[in-house]
Amino acid sequence: MVVVAPNGTVNTGVVTGGQRQTLSAAAEGGSAAGPMREGPVRAKDLEAARRRFVPPPGFADALVALDSGISVLVGAPGTGRETHALNLLAHGWEDPVLVQVDGAVDLTRWGPRPQGVHGYLVMEPPDPFALRPWDLSRLEAPLAEVGARLLIVVADAPGLAPALADHLGTPVLCHLPPDPRKVFAAHLADACPDEKVRVRLLQSLGTGLFGELLPAELPPRLAAQAAEAVARLGTAGGAACAEVLPALARAEAPELVARAQEDPVLLSHLFSLSVYGGLDRGVVVERAADLLGLAGSGWGQEPAAQSLRHQAGRQQLGVPRQRPLSATLRALGAHRLSQGGTGVTDTVSFFWPAVGDAVWDVLCREHTDLLPLLHAWLTRTGDDPDQIKRAGQAVAAMAVGTGGRTMDHLRNVALAPWPPAVEVAARCLGTAFQEPTAGAKAEELLELWSVAPEAALRTAVAYACRSDRGELTAGRALQLLRRLMGTMHNDVDDDMAVAAAVAEVLVQRFAAGNAPEKRSILDGMRDWAGSDGVAGQLAVLVFPVVAGADLAWCGSEVLSGPQAASSIVQLTSHALNESATYPLMRDVLLAWACEADGASQPGPALKELLGGLAEARQPGFLRWLLAVERGPDAMPGKELAATLLTVWRSKAPASNTD
């Protein structure tokens, strides 16, 4: 890494790796030069680089600057800078001969060949500030004499280009990546010379997929890979192009994991991106730091966890390396997206989000020693619903990828002392059904945990029953919820957490369910409402919420038959009788009456319901009638209430015959 500090003493050398300053020695006082490592650029590689080349911004100006004989090209790795450099050196020659010089070669002792070479390419010297202006001016005459040019390629860093230009006194060119769609088109044309075939391939991609395949700022390397994949998968008939993104992800993920193996910062960001990619930049960075800290704290004794911890410990000796986030993202095929607008934070994600899923496949196949550590890390996810959702999906991905074996860790996840842990485990339980073996293990855990003494395990079962949590059928979900209700007791505080989770799930299931599912939920609540304890309290708390959310369905249910009407009358009576739920149930009936006041006469469903409530003669409904009677004239339902009160008062209470 190069640290640039204009006017600072650091510019007498370069700060690398372990933050040690390496001072450049004078040429005449230096040690003996190493071997001259250089070799010709292969003709077929150069031909391909020229054939597929897309001139980046500023290419014409760069050609002019190159005429000076010696130039420096500054650019980020993976952005096409080497292809740019080769085409600059080859420009104007029909059959150019280019030589690549190892960046480690001491240019103060190097010289061009006597003849036959048109250009020399030096890739990434470790210390560009070790060169002095006179070192390069010494080469100008020999290069001019043999008609060759020298181009030095350096990795970009903030402020590097002007600092190098000032230091070396030679043209410093800034490489900007070309348009990824043009790179894609050039590579596709090279792979598929037949224009008709290319048109068919592009049509088979579709507009949406094409946008996902080539997002803005996609590095040229990835754009080239995309073109090769489209050509390879689509040649047979075009339909296979729908597999392009998954195929690219499957190819990219193993390379990323291998690249990050010896770099704990890179590895932790790779995992964080795989889970939280697309969320706020701060979330991804913070969760990567949390993983690194967890590994460094000594958690986990598996070899892979120890390796990550060892690498992290080595990095923390002395001053840790500071890699810019942009460099980390670039190394992982990811980018930062500006959301625009005040107060809106940027997000980071893989250019191809499918890479995140493919990373879990690689881990489950080749790096299972890391999975316990990753479970512990995901358990500690943030409280934000998006983070909990992503963490649960990642735990489920590991369960699916290992055929359910990692679900042995799920109990520890659910029982962890972190508020989101229960929901993380629940999401895994609900999602794992997409794979048969993992689904069988999930079913086994649901059965065991639904009657477990630990409230956290039963709460996880309840949350797993949400229709938006995974693959549980409505029938199975309601069966589990009924079983959970049977485990609750008034004198156990922990049961209230389970009851709250069951109530939330019932409301969600009712809102999302079809008519039979709604009816099944109401039947269950009717049975619970008549019982003492937590189950009865929960039923009267939930019913006003679900009824108010879908008055039209409740009305149709009242008219569907005596049994259904009786269920709704009973639940309404129970809710009105309880002081805690009376206000909410009162408002639901007023909303229903308000709809009736807007019509020429009350609907049959409302008449049937209120008539049934009057027949039941419960104190809660009498309270409601009196409240409406005494309310302002604008209160809905006054006429109905007056009629029912007249009937109520006309019926004398039963006399005592004793």
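Buried means under 20% relative accessible area, exposed means over 50%, and partly exposed covers what lies in between. This is a predicted model. With a relative accessible area of 26%, glutamate 443 is therefore partly exposed. Arginine 476 has 13% relative accessibility and counts as buried.

These two side chains form a salt bridge, at 2.4 Å from N to O. Glutamate 443 sits in helix α19 (residues 436–449) and arginine 476 in helix α21 (residues 474–485), so the bridge ties together parts 33 residues apart in sequence. The structure holds 29 salt bridges.

Take a second pair. Glutamate 504 and arginine 466 meet through their side chains in a salt bridge, 3.1 Å from N to O. Helix α22 (residues 494–512) carries glutamate 504, while arginine 466 lies in the loop between α20 (455–464) and α21, so this pair ties together parts 38 residues apart in sequence. Glutamate 504 is partly exposed at 34% relative accessible area. Arginine 466 is buried, at 13%.

Aspartate 468 counts as partly exposed, with 40% relative accessibility. Arginine 469 counts as buried, with 7%.

Which residues do shared partners join into one network? They are Glu423, Arg466, Asp468, Arg469 and Glu504, linked by salt bridges that share partners.

Technical notes
Residues are numbered from 1 along each chain as its sequence is written. This is a predicted model: local features need pLDDT of at least 70, side-chain atom pairs count only at pLDDT 80 or more; totals for chains, interfaces and linings use all residues. Side-chain values use heavy atoms; hydrogens and water are left out. A salt bridge is a side-chain nitrogen of Lys or Arg within 4 Å of a carboxyl oxygen of Asp or Glu. Helices (H or I, at least four residues) and strands (E, at least two) are DSSP runs, numbered from the N terminus. Buried means under 20% relative accessible area, exposed over 50%, partly exposed in between (1.4 Å probe, protein chains only).
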